[in-house]
Amino acid sequence: TICKQLYKAAEKEGFTCCIAFGRGASPDGFTTYQIDNKLEVYRHVIKARLLDASGFGSKHATKKFIKWIDEEFKPDIIHMHNLHGYYLHIETFFDYLKLHPEIKKIWTLHDCWSFTGHCSHYTYAKCDQWIRGCSNKCPNKKKYPQSFISRSKQNYLKKKRIISSVKNMFLVTPSQWLMKEANYSFLKEYPIQVINNGVDTTIFKPTPSDIKEKYG
């Protein structure tokens, strides 16, 4: 939904847009590119379950996607959202981003997966290993993206190497909290700005009510 809203706003300003996605059906009325097919997604899921390798499958599909970007779309701006979800090989993708400093990259973080060795959220587990570098004693290995083993330490070091030193990249978070967390991580080398998720203010607005008196 966020991607579609951004697409419509950019299109109104004269941009030519495309949404690249991993799973599900293509939305009507939008130019899209599906990175992975079902079989590739299942292979990626199996690799993630057995080897704690979420984000490190779908290599062939990612290479094909990059070829399409280079030869067909040739973007001035690449706006990233969640890169996990069993559809993208992040090392191959970030190698491409590093080869193209002229492309402006915006990465909207919707969770913490980008700077941890495994999980997308860690507050419930009260874990702060990611600040120093994750260990393989991961309290969240059974949580999304679920795995039978933990390779959190190796994943953390790989992500730090892969994601660091991308030129012309800016980060966005939907909350002050996530910006603060990202600034504790290896992502602090990038400029970061809070842009809150939009809401429909015709629906979500101050409304006369006795709810405070009713519930104290």
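Start with the second largest cavity, which has a volume of about 50 Å³. A cavity here is a set of points, on a 1 Å grid over the protein atoms alone, where a 1.4 Å probe fits but cannot get out. Its volume is the space filled by probe spheres set on the points, with grid points joined across faces, edges and corners. This is a predicted model, in which local features need pLDDT of at least 70 and side-chain atom pairs count only at pLDDT 80 or more, while totals for chains, interfaces and linings use all residues. Residues are numbered from 1 along each chain as its sequence is written, and side-chain values use heavy atoms, with hydrogens and water left out.

Now select the lining, meaning residues with an atom within 4 Å of a point. Around the second largest cavity you will find His81, Asn82, Leu83, His84, Trp107, Leu109, His110, Asp111, Trp113 and Ser114. They divide into 4 nonpolar, 5 polar and 1 charged. In this sorting, Ala, Val, Leu, Ile, Met, Phe, Trp, Tyr, Cys and Pro are nonpolar, Asp, Glu, Lys and Arg are charged, and the others, Gly among them, are polar.

Next, go to the largest cavity, with a volume of about 80 Å³. Select its lining residues, including Thr116, His118, Cys119, Tyr122, Trp130 and Ser152. How many of the lining residues are charged? There are none: the lining has 7 nonpolar and 5 polar residues. Searching the whole structure gives 3 cavities of 30 Å³ or more.

Time for some salt bridges, each a side-chain nitrogen of Lys or Arg within 4 Å of a carboxyl oxygen of Asp or Glu. The structure holds 3 of them.

Then select arginine 132 and aspartate 128, whose closest N and O atoms are 3.4 Å apart in their salt bridge. Arginine 132 is exposed at 61% relative accessible area, and aspartate 128 is partly exposed at 39%. Exposed means over 50%, buried under 20%, and partly exposed in between (1.4 Å probe, protein chains only).

Finish at lysine 180 and glutamate 181, a salt bridge with its closest N and O atoms 3.1 Å apart. Is glutamate 181 buried or exposed? Glutamate 181 counts as buried, at 8% relative accessibility, while lysine 180 is partly exposed at 40%.

Conventions: On a 1 Å grid over the protein atoms alone, a cavity is a set of points where a 1.4 Å probe fits but cannot get out, and a pocket is an open set with protein on both sides within 12 Å along at least five of seven lines; lining residues have an atom within 4 Å of a point.
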